[in-house]
Amino acid sequence: MTDLLYSEEEEALRAAVRDLLTDHCDAAGVVARVESDAPHDPSLWKALADGMGLAGLLVPEDRGGQGATHREAAVVLEELGRAAAPVPYLTSAVVATEALLACEHAGDLLDALASGRRTGALTVGLHTAPGAAFTAVRLEGGALHGELTGIADAAAADVLLVPADDGGLYAVEADAVTVTPQASLDLTRPLARVVLDGAPGRRLGDAGPAVRRALRAGAGLLASEQLGVADWCLTETVRHVKDRKQFNRPVGGFQALKHRLAQLWLEVVSLRAAARAAADALATGEDVDVRVTVAQAYAASVAVRAAEEALQLHGGIGMTWEHPVHLYLKRAKADSIAYGTAGAHREALAELVDLPAP
Amino acid sequence: MTDAAELLRRTRELLAAQPPATTGRLDFLRARFDAGLAWVHFPQGLGGLDAPRSLQAVVDAELEAAGAPDNDPRRIGIGLGMAAPTILQYGTEEQQQRFLRPLWTGEEVWCQLFSEPGAGSDLAALGTRAVREGDHWVVNGQKVWTSSAHVARWAILIARTDPDVPKHRGITYFVCDMTDPGVEVRPLRQITGEAEFNEVFLTDVRIPDSRRLGGIGDGWRVAQTTLNNERVAIGGMRLPREGGMIGPVSRTWRERPELRTHDLHQRLLRLWVEAEVARLTGERLRQQLVAGQPGPEGAGMKLAFARLNQEISGLEVELRGEEGLLYDDWTMRRPELVDFTGRDAGYRYLRSKGNSIEGGTSEVLLNIVAERVLGLPAEPRTDKDVAWKDLSR
């Protein structure tokens, strides 16, 4: 049976990541940073990837990584979600890394990503579900041509993994293309437009299986990030309603609020089980498709509702730019589209568990 | 400490001494109890061996493989799940010796006389009176929602022994003889057509003081043991995928393509996902218990399953279309066993309405989660320091 708990080592990892984020990723700092020209936090990313070695969790030791599993990466993502941290962990250390792991000729690029020396991004739109169609660029005269949009964290990447119309996946240096930020709903995971105008690329392997594997892992582990987002929203809201007094009593004593928060707690607890089941399945390779799909069909509604409830129950302060709850609302809403909507995953599930459409 | 190997040795010894093929069912069950293999975590001499509870599975598997009879636990769930742990914790040695063996073998069925027409969620407000007369108590009152009352030999009963103190403090816990001439059991027909429950009228029922469990006025505390065990039992079943209420509707969907619509498909998939997540949540709770880190999720599981059972069975009635307008059987019956997933979709729809009421309403459970798990302020209490007799009713 699936192990749905956290091991002692996983709890120690969580504590270490949380300590780092407490010191280097406070909410006020994130709110200020996301409006600057550099929304990503390179020093935090360096501390996580290089300092703590977390970028290489999914890479075997003999290929330059830590030889850990998706279970540990999921714990890191829970904490990053809880902090709405503007670092390219999911896009580089999970999605780009998984794509490289599927490629025959990844070469030393895998080692470079695993060690945190370089940061990668797969140039498939963030909204793309595992198994869905994606845009490929033109390969013409040995160079790549085309325009791709909705590429998450492309601005923080120094190497792009680009699917081309010959069916190959190519490594392209970021300075050989034009990356233009797009104004994004989620300020902490900004999207960009990538224009290739005769960019040179190195063929890594076949794009189809690499993209499928990358998006499936991304979708499965995104559930843990969504759990972190939801958990922060619940915890902060409970703290707020205990503290906030109106009508001469804490507003958290009103039954209308108590019941809403108890209901939300139940959903967060349920999401934890679903997210652990998905991470464990990715780690063991058992029952992966159903567990990832179930987690993604469930997680979005919980994370979005947690953020929406957090905003509402914070009252007026929740509507201000200064209070960080909007970072979580925007992350939760964007996550509900990332790697396929809940509806897309339900549709996939219909086939997986033999509940066919009419 | 008794380990797995020792339990296995004792189990095989029992099977050799009392071969199931040639031993009567009751004789075998009694011998099993006397061998300490009934509930291994109970003390020696009371059907156990002071062994870890998790090792019960070792004994059960060996006995099942040998074709040994079991004690039909679903028929005697109240005795096993609620009366026994309470008797073990609060009973005198004499009470434990008298009650536990026939309770476990099923020779004596137990029921629970707790809820009253005027005391549901506010159980501590109960008004059934017990008045001391020499070495007896004389009990008068009315209880309700009593399953198995018509077949029970004994009942666990809470009654008011002191109306002059606040409600939680004036309650005492008894074992009531259901064959006492003052006990009258009437079936209580429910919306499904059957009568799974009873009303029990108590008129000058005489209970010897030797059948009191715990101290006089201490009944509320004793009852917490009973009620905590009830909620563990309700939320704690282990299920395979599609093992609960989602199973029948999924099978109907697969077998009856002519019933499918797009709207029903969307709703079915949502509920399938929620049922699977609830199953995983229950599994995670069990893994925490096994690892010795019990989480607060237990309080939530009953909430989740109540809502899911209701929504899923409601969807199935609708899915069945014309057949959904029919009902299998309205005949008044008194079933001995209740199977929430049994019978037709219509029955399941109606029966599951009780899931958010029995064993603690969903509204009360949400309060419990909010206060005990999230630490939110308690509901204002106007009844705390008021004598029971002065409460408004």
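This is a predicted model: local features need pLDDT of at least 70, side-chain atom pairs count only at pLDDT 80 or more; totals for chains, interfaces and linings use all residues.
Biologist: Why does L215(A) count as buried?

Modeller: The cut-off for a buried residue is 20 or more other C-beta atoms within 10 Å of its own. L215(A) has 27 C-beta neighbours inside 10 Å, and therefore counts as buried. Its place is in helix α7 of chain A.

Biologist: Which residues does L215(A) touch, leaving aside those up to four places away in sequence?

Modeller: L215(A) touches V124(A), T128(A), A129(A), P130(A) and Y339(A).

Biologist: How do you know that the radius of gyration of chain A agrees with that of a compact globule?

Modeller: The globule rule is 2.2 Å times the number of residues to the power 0.38. For 358 residues a compact globule would have a radius of gyration near 21 Å; chain A has 20 Å, so the value agrees. The C-alpha trace of chain A spans about 75 × 50 × 45 Å along its principal axes. Chain A contains eleven helices and ten strands, and 57% of its 358 residues count as buried. Among its contacts between residues at least 6 apart in sequence, 76% join residues at least 24 apart.

Biologist: Which domains does the assignment give for chain B?

Modeller: The assignment gives domain 1 (4-70), domain 2 (110-216) and domain 3 (236-360). The centres of domain 1 of chain B and domain 3 of chain B, taken over C-alpha atoms, are separated by 34 Å.

Biologist: How do you know that the buried residues of α7(B) line one face of the helix?

Modeller: In helix α7 of chain B, residues 246-255, the buried residues are I246(B), V249(B), S250(B) and W253(B). Seen down the helix axis, these buried residues fall within an arc of 100°, so they line one face of α7(B). R251(B) and E255(B), on the other side of α7(B), are exposed. The buried residues of α7(B) pack against α8 (262-290) and α9 (297-319) of chain B.

Biologist: What makes up the contact between chain A and chain B, and how many residues does each chain give?

Modeller: Chain A gives 32 residues and chain B gives 35 residues. On the side of chain A that touches chain B, the elements giving two or more residues are α7 (207-243), α8 (255-284), α9 (288-313) and α11 (342-352) of chain A. The most comes from α8(A), with 14 residues.

Biologist: How do the residues on that side of chain A divide into nonpolar, polar and charged?

Modeller: The side of chain A that touches chain B has 21 nonpolar, six polar and five charged residues.

Notes:
Residues are numbered from 1 along each chain as its sequence is written. Chains are lettered from A and ligands numbered from 1 in the order in which they are written. Domain bounds come from an automatic or database domain assignment. Two residues are in contact if their C-beta atoms, placed from the backbone, lie within 7 Å. Helices (H or I, at least four residues) and strands (E, at least two) are DSSP runs, numbered from the N terminus. Ala, Val, Leu, Ile, Met, Phe, Trp, Tyr, Cys and Pro count as nonpolar, Asp, Glu, Lys and Arg as charged, and the others, Gly among them, as polar. A residue is buried if 20 or more other C-beta atoms lie within 10 Å of its own, exposed if 12 or fewer, and partly exposed in between; C-beta atoms are placed from the backbone. The arc is that of the directions from the helix axis to the C-beta atoms.
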